[in-house]
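Please examine the model shown here together with its sequence.

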Amino acid sequence: ALINNMFELRGTAFNFLIAYRRGTPHQAQDIGSWESIFTFIARTSVASNAFLIAFLSEDFYNRYLASLSEAEIYMARFAFVIIFHYGVYAVCVLVLKMLWKEPREVTIARRRRAYLERTGVVEDMEGVRGVDIRREITRKRTATVRSI
């Protein structure tokens, strides 16, 4: 039994260390296809909330619709749904316009990188991550001076 437990322990250790490892994480630019899924869910939830408020809320009916006919009540409820939906959409658009897309430091670094690539200083660093740009620029300048 002791020998069996030792082999079983070794097999379990192998599985934990080799067979069942997590994949290597990779950096992504954005959330990919999840963005459209989240947008769809958000818009659907706004529409469903508008319908719930308009058609199931007794308070909404007692305050605003008690004196109307049946056809006018349905028209008022659908008008509320449309106004609520586009009102929330307008607020979302305003908030997105007021927010920064990226921090100022990131914008400056991205523009600097584009400038360095245009001038030919870092053209061979395409796709390389974690490289110190200052060190590479110094290395290229030194190599250029030595070749002259």
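This is a predicted model: local features need pLDDT of at least 70, side-chain atom pairs count only at pLDDT 80 or more; totals for chains, interfaces and linings use all residues.

Residues are numbered from 1 along each chain as its sequence is written, and side-chain values use heavy atoms, with hydrogens and water left out.

Q: Which pattern does the chain follow when read along the sequence?
A: Helices (H or I, at least four residues) and strands (E, at least two) are DSSP runs, numbered from the N terminus. By that assignment the chain has six helices and zero strands. Read along the sequence, the pattern is α-α-α-α-α-α.

Q: What percentage of the 148 residues of the chain count as buried?
A: Buried means under 20% relative accessible area, exposed over 50%, and partly exposed in between (1.4 Å probe, protein chains only). The accessible surface of the chain comes to about 13,200 Å², of which 62% belongs to carbon and sulfur atoms; such areas come from the Shrake-Rupley method with a 1.4 Å probe, and for residues only the protein chains shown count as cover. Of the 148 residues, the buried share is 11%.

Q: Against which helices do the buried residues of H4 pack?
A: Helix H4 covers residues 70-98 and reaches 42 Å between its end C-alpha atoms, close to the 42 Å expected at 1.5 Å a residue; the expected span is 1.5 Å times one less than the number of residues. Within H4, Ile73, Arg77 and Val81 are buried. With contact defined as heavy atoms within 4.5 Å, the buried residues of H4 pack against H2 (34-56) and H3 (58-65).

Q: Which residues of H2 are buried?
A: H2 has 23 residues and spans 32 Å from first to last C-alpha, close to the expected 33 Å. The buried residues of this helix pack against H3 and H4. They are Val46, Ala50 and Ala54.

Q: Which residues does UniProt list for "transmembrane region"?
A: UniProt positions are given in the numbering used here, feature names are shortened, and annotations may be inferred rather than shown by experiment. In the model, the span 37-56 is 100% helix, with end C-alpha atoms 27 Å apart, while the span 76-100 is 92% helix, with end C-alpha atoms 38 Å apart. The unreviewed UniProt entry lists residues 37-56 and 76-100.

Q: Why does Ile41 count as partly exposed?
A: Ile41 is placed in helix H2. Together with Ile31, Trp34, Ile37, Phe38 and Phe40, Ile41 forms a nonpolar surface patch with about 650 Å² of accessible area. Patches are made of residues with over 30% relative accessible area and no salt bridge, like charges being joined within 9 Å and nonpolar side chains (Val, Leu, Ile, Met, Phe, Trp, Tyr) within 5 Å. Ile41 counts as partly exposed because its relative accessibility is 49%.

Q: What is the N to O distance in the salt bridge of Arg113 and Glu117?
A: Both residues, Arg113 and Glu117, lie in helix H5 (residues 104-118), four residues apart. Arg113 is partly exposed at 22% relative accessible area, and Glu117 is partly exposed at 32%. The N to O distance of their salt bridge is 3.0 Å.

Definitions and conventions
A salt bridge is a side-chain nitrogen of Lys or Arg within 4 Å of a carboxyl oxygen of Asp or Glu.
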